Amino acid sequence: MGEILLIANPFASRVTAERLDAVEAVLARAGNVEKRLTERRGHATELAAEASGAEAVVVFGGDGAVNEVLNGIAPAVHFGAIPGGGTSVFARALGLPRDPVAAAERVADAIVVGRTRRISLGRVEGRRFGFAAGLGFDAAAVRRVDALGRAKDGRRPGDLAFAYELVRVLAAGRFKLEPGVDVLGHGRAAAVLVANCDPYSYAGAIPLHIAPEARFELGLDLVAPARISPRTLPRLARYLVTGTGQQRASDVLYAHDLDRIEITCDRPLPLQADGEDLGDVEHAVFEAERDAIDVLA
């Protein structure tokens with residue numbers, strides 16, 4: 001039986017001691033499990049980097065922990081993600097159940113039978129991302145949520161807090177955003193969303209299909225609204241929920257399966273990758289890292 005490193009974030013929204021024990025017990029059917037708990041920001045990246053001899057690294061936490069592991073894991077090590085965050089986009093987009101124990105059973109079965117899925121990843125500012133990155137208003141909302149801090153039990157605010165802060169970001173400009181970035185070879189836009197899969201994210205149980213053609217096995221998809229106004233917001237919201245229309249819309253820059261997306265901003269704008277704030281940038285290059293990693297799903 002192979003070695004399995006289980007990295008868990010004890011402060012993630014859906015991680016409890018009882019669930020962690022149950023997940024560990026399920027994975028133990030597939031190999032020898034070493035459990036490590038994260039203690040600080042960036043710790044999961046360090047733990048994953050130390051596990052080059054393991055057969056698999058499995059992370060039980062939210063999308064932040066998943067992102068950290070993706071930035072530390074060795075190329076030959078298989079990767080599993082157990083949804084333990086409030087949203088857990090990466091694991092759910094792979095088709096794993098939201099229930100952590102049920103997801104662990106799927107991952108354990110994949111280890112036993114050798115079932116993997118080769119996927120691509122994105123990269124921006126030297127940082128890998130698994131499902132999405134954004135420049136502009138969505139990254140500004142991520143920053144606002146981070147500024148709220150954590151609850152007494154160490155847990156971060158959830159989807160409702162993000163939705164509220166996103167509305168606040170847009171309301172600050174009276175729900176108007178004019179073109180402020182140049183997307184090389186594509187045109188001017190008010191903000192940029194880059195997807196590595198569909199859905200881009202979730203609002204509770206509702207998948208948000210910002211880039212409906214994006215697939216883990218392909219390159220990156222670009223979705224960039226040319227401008228945002230009270231008149232265009234309902235249409236953009238419809239695109240987001242239904243996943244139809246944005247591919248042919250005259251007011252949205254849309255491109256599929258790209259290797260490289262280069263952005264120049266009129267002024268510094270916030271950047272996020274997998275919901276992690278990467279600071280303000282005036283220039284960014286998003287690149288597809290094709291066939292990057294084998295995931296257990």
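Predicted model: local features only at pLDDT ≥ 70, side-chain atom pairs only at ≥ 80, totals over all residues.

Biologist: Which residues of α6 and α7 meet?

Modeller: From α6 you have F137, D138, A140, A141, V142, R144 and V145, and they meet A161, F162, E165, L166, R168, V169 and L170 of α7. Sorted by class, this contact has ten nonpolar residues, four charged ones and no polar ones.

Biologist: Now try me on the other pair. At what angle do the axes of α1 and α5 cross?

Modeller: Roughly 20°, with the axes of α1 (residues 17-27) and α5 (residues 100-113) coming within 9 Å. That makes α1 and α5 roughly parallel, because the cut-off for that label is under 35 degrees. Again you get a right-handed crossing as α1 passes α5.

Biologist: And what makes the contact between α1 and α5?

Modeller: On the α1 side, look at R19, A22, V23, V26 and L27; α5 brings P100, V101, A104, E105, V107 and A108. The class count for α1 with α5 is nine nonpolar, two charged and no polar residues.

Biologist: How do I work out which residues of α1 are buried?

Modeller: You look for relative accessible area under 20%. In α1, that picks out L20, V23, V26 and L27. Then look down the axis of α1: its buried residues fall within an arc of 125°, so they line one face of the helix. Turn to the face away from that buried side and you'll find the exposed residues A17 and E18.

Biologist: What covers the buried residues of α1?

Modeller: The cover includes the strands β1 (2-8), β2 (31-37), β3 (56-61) and β4 (78-83), along with helix α5.

Biologist: Let's do single residues. Is R92 buried or exposed?

Modeller: Its relative accessibility is 10%, so R92 counts as buried. You'll find R92 in helix α4 (residues 89-93). Leaving out residues up to four places away in sequence, R92 touches T87, R98, Y202, G204 and A205.

Biologist: Where does T232 sit?

Modeller: T232 is in the loop between β13 (220-225) and α8 (233-242). With 5% relative accessibility, T232 counts as buried. Beyond residues up to four places away in sequence, T232 touches R227 and D251.

Biologist: And D221, what is its relative accessible area?

Modeller: It's 0%, so D221 is buried. D221 belongs to strand β13.

Biologist: What does D221 touch, not counting residues up to four places away in sequence?

Modeller: The list for D221 is L193, V194, A195, A211, E213, A214, Y254, A255, H256 and D257.

Conventions
Residues numbered from 1 in each chain as written. Heavy atoms only, no water. Axes fitted to C-alpha atoms, helices over the stretch in contact; angles between N-to-C directions. Helix = DSSP H or I, 4+ residues; strand = E, 2+ residues; numbered from the N terminus. Parallel < 35°, antiparallel > 145°, perpendicular 65-115°, else oblique. Left-handed = near helix turned anticlockwise from the far one by under 90°. Contact = heavy atoms within 4.5 Å. Nonpolar A, V, L, I, M, F, W, Y, C, P; charged D, E, K, R; others polar. Buried < 20%, exposed > 50% of the residue type's maximum accessible area, 1.4 Å probe, protein only. Arc of directions from axis to C-beta.
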